[in-house]
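Let us walk through one protein model together.

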Amino acid sequence: MPLETDTTNWSGEGVFTQLLVERLGQIDGVLFVRVEDAPASRSEADYNFISNELFIGFATVDHEEPVKRFGIFPSSRTVTEPAMTLAGLETALTALEDVGAPDYGDPGMLQYLRAERIVPPYQTRGYKLVELVRIYEMGTPRRS
C-alpha cells in the first residue's frame, strides 16, 4: 500500500525532512505521515532554525486471542496491534545510510538535529542552517 502523506501544515522547508518523508515511504509498516511546521522555527541574519514534526501512522495487524467468558466459557477475541513501533522505526531508519541513528530517542519520540553552513555565491559571509525534526507516533499526546 502506498504511503499517504499530509503536508497541508508544512511550508516545505527542510531538506532532511523531505528526505525522511521519502525514506518512510520505503519502510514496510508505515502507512501515513503528517508533516507540520513546529512553532520553534525562526530566522535571523546569521542562521536559520527550521523545526518540523512528523506524525507517523503504522499499519495494524489483527490476531485472535483466547479468552474465557464469565471465567468458564472458552472464546476468542480479535486484538489489533500496530505492525511496527517507534523503536522498530528507529531501527529501520538507523539502517538507512543517508538517515542514520536519531540524536535523541525515547518511547514517545525520535529527534534528529542537522546543521550545515551555507555560503551563497558572491557573499563573503554565509549562514548556519539548523534543522530539527521530531517524529511522533499518531495518537500519542503532543509535547510542549
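Phe70, Ile72 and Phe73 make a nonpolar surface patch of about 410 Å². A patch is built from residues with over 30% relative accessible area and no salt bridge; like charges are joined within 9 Å, and nonpolar side chains (Val, Leu, Ile, Met, Phe, Trp, Tyr) within 5 Å. Accessible areas come from the Shrake-Rupley method with a 1.4 Å probe, and for residues only the protein chains shown count as cover. A salt bridge is a side-chain nitrogen of Lys or Arg within 4 Å of a carboxyl oxygen of Asp or Glu.

A word on the source. This is a predicted model, in which local features need pLDDT of at least 70 and side-chain atom pairs count only at pLDDT 80 or more, while totals for chains, interfaces and linings use all residues. Residues are numbered from 1 along each chain as its sequence is written, and side-chain values use heavy atoms, with hydrogens and water left out.

Phe70 lies in the loop between β5 (60–69) and β6. Phe73 is in strand β6 itself, residues 73–82. Helices (H or I, at least four residues) and strands (E, at least two) are DSSP runs, numbered from the N terminus. Is Phe70 buried or exposed? Buried means under 20% relative accessible area, exposed over 50%, and partly exposed in between (1.4 Å probe, protein chains only). Phe70 has a relative accessible area of 77%, so it is exposed. Phe73, at 49%, is partly exposed. Most residues other than glycine have a negative phi. Phe70 is not a glycine, yet its phi is positive, about 55°.

Now go inside. In soluble globular proteins, nonpolar side chains tend to be buried together. The largest nonpolar core here has 22 residues, and Leu54, Leu89, Leu93 and Ile135 touch the most other members. Such a core is a set of buried Ala, Val, Leu, Ile, Met, Phe, Trp, Tyr and Cys residues joined through side-chain atoms within 4.5 Å. The largest share, 5 residues, is supplied by α1.

Take α1 next. Of its 10 residues, 7 are buried, so the helix is largely enclosed by the rest of the structure. Those buried residues are Phe16, Thr17, Leu19, Leu20, Val21, Arg23 and Leu24. What covers them? The cover includes β1 (4–9), β2, β4, α2, β8 and β9.

Contact means heavy atoms within 4.5 Å. Beyond its neighbours within four places in sequence, Leu93 is in contact with Leu20, Leu24, Ile27, Val99, Gly100, Leu110, Tyr112 and Ile135. Then find Ile56, in strand β4. Its relative accessible area is 0%, so Ile56 is buried. Setting aside residues up to four places away in sequence, Ile56 touches Leu24, Val30, Phe32, Val33, Leu89, Ile135, Tyr136, Glu137 and Met138. Thr17 is 39 residues from Ile56 along the chain, and their C-alpha atoms are 13 Å apart.

Last come the charges. Side chains of opposite charge can pair when their charged atoms come close. How many salt bridges are there? The count is 4. One of them joins Glu36 and Arg34, with the closest N and O atoms 2.9 Å apart. Glu36 sits in strand β2. At 10% relative accessibility, Glu36 is buried, whereas Arg34, at 22%, is partly exposed.

Arg77 and Glu65 form another salt bridge, with the closest N and O atoms 2.8 Å apart. This pair links distant parts of the chain: Arg77 is in strand β6 and Glu65 in strand β5, 12 residues apart. Arg77 is partly exposed at 43% relative accessible area. Glu65 is partly exposed at 27%.

Arg114 and Asp103 also meet in a salt bridge, at 3.5 Å from N to O. They too link distant parts of the chain, 11 residues apart: Arg114 is in strand β8, and Asp103 is in the loop between α2 and β7 (104–106). Arg114 is partly exposed at 27%, and Asp103 is partly exposed at 49%.
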